[in-house]
Amino acid sequence: MSVDKSAIRIRDMFGQIASRYDLLNHLLSMGIDYRWRYRTVRLAPPRPGKPILDVCTGTADLALAYHRACRRIPFQHRPLVVGTDFCRPMLSRGIAKLRRTPSGGRVLLIEADTLRLPFPDDSFQIVCVAFGLRNLCDSLAGLREMVRVCARNGKVVILEFSTPRRGVLAKMYRWYLERVLPRIGQTLARNRLGAYNYLPASVAEFPQGDALAAMMRVAGLREVAIHRLTFGIVSLYIGTK
């Protein structure tokens, strides 16, 4: 049976856990999530010029990581970083975080659906998503929309959970993901929709590795590279429009 990813359910589910979302991300990843975002902005770095878009931005962690990376660019050429999400409680947490972060007006958070982005074609030098493409009811349609708003020769960047391929580590990771993580998550962020049972189920169902790279090519990307991080429990995919 496939996981229910209807827009209403996903919006409600993330809305229910928004207040504990950042805490649990850092706790359940043992703080390694900071490193994953750092590697993302290093392997797909910002350049002067066109803005950067982070879709399914949630509480804006990746958008803010790109903003910090942009500080190396002279202010007059520094790109705007835009984050979009259709879950208002999550976006509100990101806005609160942004108010505590000196940004010089170079970060903008907008309520918008990744399947219907309110931007013209070829608008952004980088279009990225961290752990969000998996949650769309039609991931290929969302990916195509990301490609549409990406500039020619720009980058589409996907950071997503994956599964170690074999051996003891693979067994330990599956045990943690399926048995331990849901119990901790549901205890610390109580919700009616089983958000932390949904997580391992959605990871298991979502394409990864060569399958996701193939989907990116179908969506219109070329030169797709896969970077496996932290022994393969997360993968970073970078494609060129």
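The legends below walk through several close-up views of this predicted model.

Before the views, a word on conventions: residues are numbered from 1 along each chain as its sequence is written, and side-chain values use heavy atoms, with hydrogens and water left out. Because the model is predicted, local features need pLDDT of at least 70 and side-chain atom pairs count only at pLDDT 80 or more, while totals for chains, interfaces and linings use all residues.

**View 1. Helix α1 packs against helix α8.**
Here α1 (residues 7-17) meets α8 (residues 195-205) at an angle of about 125 degrees, and their axes are 10 Å apart. That angle makes α1 oblique to α8 (under 35 degrees is roughly parallel, over 145 roughly antiparallel, 65 to 115 roughly perpendicular, and the rest oblique). Axes are lines fitted to C-alpha atoms, for helices over the stretch in contact, and angles run from 0 to 180 degrees between N-to-C directions. Helices (H or I, at least four residues) and strands (E, at least two) are DSSP runs, numbered from the N terminus. On the α1 side look for Arg9, Ile10, Met13 and Ile17, and on the α8 side for Ala195, Tyr196 and Tyr198; contact means heavy atoms within 4.5 Å. By class, these contact residues are six nonpolar, no polar and one charged (Ala, Val, Leu, Ile, Met, Phe, Trp, Tyr, Cys and Pro count as nonpolar, Asp, Glu, Lys and Arg as charged, and the others, Gly among them, as polar).

**View 2. The second largest pocket is lined by residues including Tyr34 and Arg72.**
This pocket holds about 150 Å³ of space. A pocket is an open set of points on a 1 Å grid over the protein atoms alone, where a 1.4 Å probe fits, with protein on both sides within 12 Å along at least five of seven lines; lining residues have an atom within 4 Å of a point. Grid points are joined across faces, edges and corners, and the volume is the space filled by probe spheres set on the points. Helices α3 (32-43) and α4 (61-70) each give two or more residues to the lining, and α3 supplies the largest share, five residues. The lining divides into five nonpolar, no polar and four charged residues.

Nine of the 10 residues of α4 are buried (under 20% relative accessible area, with exposed over 50% and partly exposed in between, using a 1.4 Å probe and protein chains only). Among them are Asp61, Tyr66, His67 and Cys70. Most residues other than glycine have a negative phi. Alanine 60 counts as buried because its relative accessibility is 2%. Threonine 59 is found in that loop between β1 and α4 too, and its partners beyond four places in sequence are Tyr21, Asp22, Met90, Arg93, Gly94 and Lys97.

**View 3. Two phenylalanines in loops, Phe119 and Phe131.**
Phenylalanine 119 lies between β3 (107-111) and β4 (124-130), and at 15% relative accessibility it counts as buried. Setting aside residues up to four places away in sequence, phenylalanine 119 touches Leu53, Val82, Thr84, Ile110, Phe124, Arg148 and Val149. Phenylalanine 131 belongs to the loop between β4 and α6 (139-149) and has a positive phi of about 60 degrees. With a relative accessible area of 14%, phenylalanine 131 is buried.
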